[in-house]
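These notes are meant to be read beside the model. Each numbered point takes up one part of it.

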Amino acid sequence: MSTSPPRSTAPLPASTDLLAVGCGPFNLGLAALASTVHDLDLVVCEEHDELSWHPGLMFDDALLQVSFLADLVTLVDPGHPLSFLHYLRDRGRLYRFYVRERFHPTRLEYQDYLRWAADRLPAVRFGHRVETVTWDVRSGRFAVDVRDTSGTTTTVLARDLVLGIGTEPSIPPALAGLPAERLVHSGDYLRRATAVDQAGRVTVVGSGQSGAEVTLDLLRRATEAPAVSWLTRTPVFAPLDYSKLVLEMTTPDYVRYFHGLDGAVRDTLVAEQWRHYKGISESTLEELHDALYRRQLRPGSADVELRAGVAVLGAEEDPSGGVVLTCHHADTGREFRHRTDLVVAATGYRHRPPSLLDPLTPAIRTDHADRPVVRLDHSVELAPHVTGRVFVSNADLHSHGVAAPDLGIGAVRNATILNAVTGRECYPPPRDTAFTRFAPPTLDGGA
């Protein structure tokens, strides 16, 4: 096994062509593609000391929901030295992966791949937090204040920015009043194992992959494990719609089509397409059913209840101990009270407010719902006096559709950003990527 190269300890430059904020998979992919663009200076600032990807849900056997081809680079540059296949060869696992014949890596393996790539990218600076961004009129660049772990603040002048600060756990108002010892967000599930072990009943609230994985983990525990409840507002425990032609909604062809639609139409489509990015993988549903079946064969196993079509309206501590949830059953309209010891909120994530951009707020153009207007090249529309560009990663669901959080669009989005920044096709954009023709024919009857 090869050793990792040392990470960059060089001081931040006084100026750079492009500064990326945050180092999740998308901005790491930007750094990977930029590493072979030799006339472009890039710095990626990440406030944490290492790359950590969904640590609270890092189950040993959890699979990525997309193919290994949705790595940092392959879908625009299959021969790139930071591809997943290069990683496997470097780790000595290429033939074993080939024989395994499972194209969906485990989440643990994908995180190891991301860390392997980060260790080979001197542009990535861990332990560097971007505090604020202003527009410097004299230099015609963004003035970016960056604080490192020693407390030293450096100002970097950047021609353009890429914002990839990711998301934060979302707790709905109905659960927000619960004390921390009674409430766990699914993103912290594994880190709160002690609280789970001490609970007599654990209630998972929320559908989607994270809710399913937490429930599956609870079911796999020994007979002395807690009783389990799983409540979801959706009418059924719905599978991801990953059928082949539906998957074409993650292609560049559909992204271009979606971006050209009216804003209200886009909002309607995103709401209707929730099963594409908020459902549960079929393999996880099969494992859940199998775990439930096998649990019947273990005498003394604690109670399990699964209820769909149930919304949690409120939550409060029970004076006698535990939590009481007030719930609404959609089909009958009846309300009922549900008692539990611990609530796991599998309620998803929301975009983290980019407070570092507060000084630029007056210059940011917004749409009918007060969201930034994002161009097709993923740059935000700014007032004319700001000549630099702010690009966004995975903050463009409203403008680019359900592909926005999909790892499979990351390389294409980053190639688009690099082409825009350099003013040339560093990476030719993929064309003719779907069999489906999404737009109506032209007036002359053409495609």
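1. His378 is buried, with a relative accessible area of 7%; buried stands for under 20% relative accessible area, exposed for over 50% and partly exposed for what lies in between, with a 1.4 Å probe and protein chains only. The residue sits in the loop between strand S16 (349–351) and strand S17 (389–392). Although His378 is not a glycine, its phi is positive, at about 75 degrees. Helices (H or I, at least four residues) and strands (E, at least two) are DSSP runs, numbered from the N terminus.

2. The model is a predicted one, in which local features need pLDDT of at least 70 and side-chain atom pairs count only at pLDDT 80 or more, while totals for chains, interfaces and linings use all residues. Residues are numbered from 1 along each chain as its sequence is written, and side-chain values use heavy atoms, with hydrogens and water left out.

3. Asn394 is another residue other than glycine with a positive phi, here near 55 degrees. Its place is the loop between S17 and helix H12 (397–400).

4. His378 also belongs to the lining of the second largest cavity, together with Val255, Asp396, His400, Ala403, Ala404, Ile409 and Arg413. A cavity is a set of points on a 1 Å grid over the protein atoms alone where a 1.4 Å probe fits but cannot get out, and lining residues have an atom within 4 Å of a point. The space in this second largest cavity is about 40 Å³; grid points are joined across faces, edges and corners, and a volume is the space filled by probe spheres set on the points. By class, its lining has 4 nonpolar, 2 polar and 2 charged residues. Here Ala, Val, Leu, Ile, Met, Phe, Trp, Tyr, Cys and Pro count as nonpolar, Asp, Glu, Lys and Arg as charged, and the others, Gly among them, as polar.

5. H13 supplies the largest share, 4 residues. The lining of the largest cavity divides into 7 nonpolar, 3 polar and 1 charged.

6. Helix H13 (residues 407–422) also gives the largest share of the lining of the second largest pocket, 3 residues. A pocket is an open set of points with protein on both sides within 12 Å along at least five of seven lines. This second largest pocket has a volume of about 690 Å³ and is lined by 20 residues, of which Leu75, Leu247, Thr250, Thr251 and Gly408 lie nearest its centre. The lining of the second largest pocket is made up of 10 nonpolar, 7 polar and 3 charged residues.

7. Strand S1 (residues 15–21) has 6 of its 7 residues buried, so it is largely enclosed by the rest of the structure. S1 runs parallel to strand S6 (residues 153–163), to which 6 bridges join it; two strands pair if DSSP finds at least two bridges between them. Ala20 has Val162 as its bridge partner in S6. S1 also pairs in the parallel sense with strand S2 (residues 42–46), over 4 bridges, and there Ala20 stands opposite Val44. From S1 the chain crosses through H1 to S2, in a right-handed β-α-β crossover; right-handed means that, with the strands pointing away from the viewer, the path from the first strand over the helix to the second runs clockwise.

8. An open sheet of 5 strands has the order S8-S15-S9-S10-S11, with parallel pairing. Strand S8 (183–185) and strand S11 (304–308) stand at the edges with a single partner strand each, so one side of each is left without a neighbour in the sheet. Strand S10 (residues 227–232) is joined to S11 by 5 bridges, and Leu231 has Arg307 as its bridge partner in S11.

9. Strand S12 (residues 310–317) and strand S13 (residues 323–329) are paired in the antiparallel sense over 7 bridges. Opposite Glu317 stands Val323 in S13. The hairpin of S12 and S13 has 5 residues between the strands, and Gly321 in this hairpin takes a positive phi near 115 degrees.
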